[in-house]
Every structure is written in C-alpha cells, then in structure tokens.
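These are my notebook entries on a structure that I had not examined before. I set down what I looked up, one topic at a time.

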Amino acid sequence: MPMNLPNKLTLLRICLIPVFVILMLSQVSNFFLISCIIFIIASITDFLDGKIARKYNLVTDFGKFMDPLADKLLVLSALICMIEYDLVAGWMVIIIVARELTVSILRAIAADNGKVIAASGGGKIKTTSQMIAIILLLIGANYSNSQIVFVGTIAMYIATIFTLYSGIDYLYKNRELFMNSK
C-alpha cells in the first residue's frame, strides 16, 4: 500500500525530532530560536496531517497509531531537553511521561483486542496546549524575556492539567479493555 500524504507528514514529524534534539543540545548560536522553528514546523505537520486525512478520507490505522506516537515523541523530546535549561519543572515532565506511557499501553492492549484507539478531542487539546507552552518557553528563552517565559510556564501548568484530564478520560472511556483483557 503506498504511503499517503498525511502519513508522510507524520513521518516527517518523526524525522524532525532528532534534528530538534541535536539543535537543543548543541547550543549553537540562537539554538533556542532555531529549535523553536523546527518544533513549529513539526507541530504544523501534526495539524496538517489530521486535517488532510479527514478532509480527503485518508484516515488509516497506521495514521491513527503513528500520529499520536509522533506527537508524544516530539513533545517528550522537547520537554526532556528543556529540563536541561530549567525551562520546565521535572515533575511536570514526569506527569506528562506517565500519562503518555499509560495511554500507549492502553492502545497496545486495545490493539491486542483488535481495536484502534484514535486520538480524542481531549488528547488533541492536551497536545496543542503542550505545543503552545513549549513554543512560548523556547521563544522566551531565546530572547531572555522573563515575561514570555512566565506566560509559557503558566501555559505549561495548563497543559499539565489537560494532560492529567485526558489521561483519566482515555482510561475511563476504555475501561472495558481492563475488564475484558485476556
């Protein structure tokens, strides 16, 4: 089966992750800004792949699985790199990693039962809020602007709340998987 455009965009997002990480850790001139641009490009592919897939009926099981995974890899890579620069609190990253692992395990259990769990509305809000917070923090760090960093930090608190909520929502909506698991 040939790869459709939404799935190619998802793969592009995955390929941009190591570029982002290398830039973040290289500390070349303006690395926060360059990393932010790479992160924004990767984030735009997230918006586009879903929009194109739904509009042109190109939704695939590959996309349902890989799109949320690509989002997780992108966001978690950024957050882990940002701990290095004290841009995000470690406890927030732990909550986000725990939620992402939990939902990934839930998806694996679902797949074992012949079910694909696509991204929910709450999961999409969670991802968007995380991406906005990361962008604000990177821009604030690049320009040493404490006001932007403060807004980014508030956005990160909000994203952490959405993360907790969406994780609980996934578990609740798919609780039958635990009741009926093999």
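**Entry 1**

I began with Asn30, which counts as partly exposed because its relative accessible area is 44%. The scale I used calls a residue buried under 20% relative accessible area, exposed over 50%, and partly exposed in between, with a 1.4 Å probe and protein chains only. Before going further I noted that the model is predicted, that local features need pLDDT of at least 70 and side-chain atom pairs pLDDT 80 or more, and that totals for chains, interfaces and linings use all residues. Residues are numbered from 1 along each chain as its sequence is written, and side-chain values use heavy atoms, with hydrogens and water left out.

Asn30 sits in the loop between α1 and α2. The element names follow DSSP runs numbered from the N terminus, helices being H or I with at least four residues and strands E with at least two. I looked up the backbone of Asn30 and found a positive phi of about 60°, although the residue is not a glycine. Most residues other than glycine have a negative phi.

I then turned to Asp86, where phi is again positive, near 55°, in a residue other than glycine. Asp86 belongs to the loop between α3 (61-83) and α4. With a relative accessible area of 71%, Asp86 is exposed.

**Entry 2: Cysteines**

How many disulfides are there? I counted zero disulfides, taking a disulfide as a pair of cysteine sulfur atoms within 2.5 Å. Cys36 is buried, at 2% relative accessible area. Cys81 is buried too, with a relative accessibility of 6%.

**Entry 3: Salt bridges**

I searched the whole structure and recorded nine salt bridges, each a side-chain nitrogen of Lys or Arg within 4 Å of a carboxyl oxygen of Asp or Glu. In one of them, the side chains of Asp46 and Arg13 meet at 3.7 Å, N to O. Asp46 lies in helix α2 (residues 31-55) and Arg13 in helix α1 (residues 5-26), so this pair ties together parts that are 33 residues apart in sequence.

Arg13 also forms a salt bridge with Asp49, with the closest N and O atoms 3.1 Å apart. This second pair again links helix α1 to helix α2, and therefore ties together parts that are 36 residues apart in sequence. Are these residues buried or exposed? Asp46 and Arg13 are both buried, Arg13 having a relative accessible area of 0%. Asp49 is buried as well, at 3%.

Elsewhere, Arg99 and Glu100 meet in a salt bridge of 2.7 Å, N to O. Both of these residues are buried.

**Entry 4: Two threonines**

Thr127 lies in helix α5 (residues 121-142) and is buried, with a relative accessible area of 7%. Which residues does Thr127 touch, not counting those up to four places away in sequence? They are Asp46 and Asp71, where contact means heavy atoms within 4.5 Å. The side chains of Thr127 and Lys126 are joined by a polar contact of 3.2 Å. I took a polar contact as a pair of N or O atoms within 3.5 Å, where within protein one must be able to donate a hydrogen and the other to accept it, and residues adjacent in sequence count only if both atoms are side-chain atoms.

Thr163 is placed in helix α6 and is buried, at 0% relative accessibility. Leaving aside neighbours within four places in sequence, I listed the contacts of Thr163 as Ile95, Ile96, Arg99, Lys126 and Gln130.

**Entry 5: Helix α4**

Trp91 is found in helix α4 (residues 90-112) and is partly exposed, with a relative accessible area of 45%. Ala108 is also in helix α4, and at 46% relative accessibility it counts as partly exposed. From C-alpha to C-alpha, Ala108 and Phe65 are 9.7 Å apart in space, and they are 43 residues apart in sequence.
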